[in-house]
Amino acid sequence: MPKSEPIFDRLAIIGVGLIGSSIARAARAKGAVSSVVATARSAETRKRVAELELADRVVQTNAEAVKDADCVIVCVPVGACGSIAGEIGSSLKKGAIVSDVGSVKGAIVRDMAPHIPKHAHLIPAHPVAGTEHSGPDAGFAELFENRWCILTPIEGTDPRAVAKLKAFWELLGANVEAMDAAHHDLVLAITSHLPHLIAYNIVGTAADLEMGTRSEVIKFSAGGFRDFTRIAASDPTMWRDVFLNNKEAVLEMLGRFNEDLAGLTKAIRNSDGQTLFELFTRTRAIRRSIIDIGQETAEPDFGRRHGSSDSEISLPRPYASD
Ligand code: NAP
């Protein structure tokens, strides 16, 4: 496929794990940028990024990485984004777009916005794509193909900067939607954060069983448990930060979940097969609709595109979650 005109001249990536390295790979493969500068916290990761040739330049400090960059994408756990914003704020060039990939958005606005100067544009983003693997070797250029990338621009952000970031993510294969940060956090609490919590919990419960039963859990894991172990293998730091930074929405969804679980407990105790059957029929239909829109696997999707292809992005409605 012929490469497009670069959307950004220089892209800086801070944190080169699964997501950062996938962005670097995809941006270069699609010709979305003229050059990539990368940095990571540890010398070991920086060395690996250089070995894998993921960037044109690998530098030691965050401030050095953002110098002269047109777009900066911070790809580290949510809890580390604020201090990184503090380190880069004074080195940002005029008109630079600063974004991130964090799985929680309200906390990103809270922690990063105070450090970003008026001459730059902070546009938080969340590519809803990933695997349970971590580090620069885990990334791949196709990760974002036909996956959603949610932008949560702050009220008053220059729409041209938002449109540019949208075009960047679309070139990487993503479908882009904008919403306000609080709404994002509520939606993701049920679609992503709660499922991870449930997986961590069920695998933890199994791990605490006495030894004989535990070995049978491993042996017969294909009965459903195996799928939970994949999710529960996700990066502990990343997920600790998600729950610490999306407390309210997760607790709200957890409250509803516990109520529904109590209902199921009662149905089982009362041998109420109809309640169980009706729920399992409804949930099966949800699974079918996910398959229908091509979102059923973590593997890259090279199929049809969904969502809007407008080059203009509409800013979210008046910043109340609906
Ligand atoms: P990852 O593979 O573990 O990479 C994390 C990167 O962040 C590494 O470069 C690491 O540096 C760096 N880092 C970790 N803690 C840091 C700290 N305290 N200060 C500075 N740098 C630090 O993680 P990832 O999966 O790419 O996740 C990165 C972000 O993407 C997270 O905010 C996550 O919420 C979001 N996200 C993840 C997924 C997913 O499925 N994994 C999906 C969508 C969004 P070293 O290598 O030097 O230690």
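Is glutamate 51 buried, exposed or partly exposed? I looked it up: glutamate 51 is partly exposed, with a relative accessible area of 43% (buried is under 20%, exposed over 50%, partly exposed in between, with a 1.4 Å probe and protein chains only).

Before going on, I noted the basis. This is a predicted model, in which local features need pLDDT of at least 70 and side-chain atom pairs count only at pLDDT 80 or more, while totals for chains, interfaces and linings use all residues. Residues are numbered from 1 along each chain as its sequence is written, and side-chain values use heavy atoms, with hydrogens and water left out.

Entry on helix 2. I found a salt bridge between the side chains of glutamate 51 and lysine 47, at 3.2 Å, N to O (a salt bridge is a side-chain nitrogen of Lys or Arg within 4 Å of a carboxyl oxygen of Asp or Glu). Both residues lie in helix 2 (residues 43-51), four residues apart, about one turn of the helix (helices are DSSP runs of H or I with at least four residues, strands runs of E with at least two, numbered from the N terminus). Lysine 47 is exposed, at 54% relative accessibility. I also saw that Lys47, Arg48, Glu51 and Asp137 are linked in a network of salt bridges.

Entry on other pairs. I counted 14 salt bridges in the structure. One joins the side chains of aspartate 70 and lysine 93 at 2.7 Å, N to O. Aspartate 70 is buried at 16%, whereas lysine 93 is partly exposed at 32%. Aspartate 241 forms another with arginine 240, the closest N and O atoms being 3.0 Å apart.
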